[in-house]
Amino acid sequence: AKLGCGGKRKGDKGFFVEPTVFYDVKDEMKIAQEEIFGPVQSIIKFKSIEEAIDRANNTTYGLAAGVFTKDIDKALTIANSVQAGSVWVNCYDPGTLQAPFGGFKMSGNGRELGEYALHEYTEVKTVTIKLPQKNS
């Protein structure tokens, strides 16, 4: 990978980096295979939507995906095919409280936010009781 811009430490406290862009990223590289929680963008070229979907799904993670396009059919094809807990189209991480958030595969269990988050605080139980028959 080649560093396009950024990559320097931001501030003198904590572990922060300035917004960073890498290009010429290959699928087998660590920055393409792992989740980076920071302002880091890896640019990976593709030739077809099918190739992009296959490559996106060829990781052990699936937290989120972003699609930027003017073609809503392509956006829906990608959103339905990519193995990610959230897919953002023409935006990135809008973060609404009503929408459940959580990943697929190794990107987490369960969901935060929205109605689905309530399931994390419940435990379902079935109770079956045989009642005597009434002789009337």
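This short talk covers the salt bridges, the aromatic pair, the cysteines and a surface patch of the structure above.

Please keep in mind that this is a predicted model, in which local features need pLDDT of at least 70 and side-chain atom pairs count only at pLDDT 80 or more, while totals for chains, interfaces and linings use all residues. Residues are numbered from 1 along each chain as its sequence is written, and side-chain values use heavy atoms, with hydrogens and water left out.

Let me start with the charged side chains. A search of the whole structure finds three salt bridges, a salt bridge being a side-chain nitrogen of Lys or Arg within 4 Å of a carboxyl oxygen of Asp or Glu. In one of them D24 meets K2, at 3.3 Å from N to O, and this pair links distant parts of the chain, with D24 in the loop between β2 (20-23) and α1 (30-33) and K2 in strand β1 (residues 2-5), 22 residues apart. Helices here are DSSP runs of H or I with at least four residues, and strands are runs of E with at least two, numbered from the N terminus.

Which residue does D27 pair with in a salt bridge? The partner is R55, with the closest N and O atoms 2.7 Å apart, and here too distant parts of the chain are linked, since D27 lies in the loop between β2 and α1 and R55 in helix α2 (residues 49-57), 28 residues apart. R55 also meets E51 in a salt bridge, at 2.7 Å from N to O; because R55 and E51 are four residues apart in helix α2, they are separated by about one helical turn. Through shared partners, D27, E51 and R55 are joined into one network.

Turning to the aromatic rings, which pair if their centres lie within 6.5 Å (planes under 30 degrees apart count as stacked, over 60 as edge-to-face, the rest as tilted), the count comes to one pair. That pair is W88 and Y92, edge-to-face, with 4.6 Å centre to centre and 70° between the planes. W88 counts as buried at 11% relative accessibility, whereas Y92 counts as exposed at 54%, where buried means under 20% relative accessible area, exposed over 50% and partly exposed in between, with a 1.4 Å probe and protein chains only.

As for the cysteines, the search finds zero disulfides, a disulfide being a pair of cysteine sulfur atoms within 2.5 Å. C5 is partly exposed at 41%, and C91 is partly exposed at 31%.

Finally, L131, in the segment after α4 (114-118), is exposed, with a relative accessible area of 64%.

Key:
Rings of Phe, Tyr and Trp (its six-membered ring) pair if their centres lie within 6.5 Å; planes under 30 degrees apart count as stacked, over 60 as edge-to-face and the rest as tilted.
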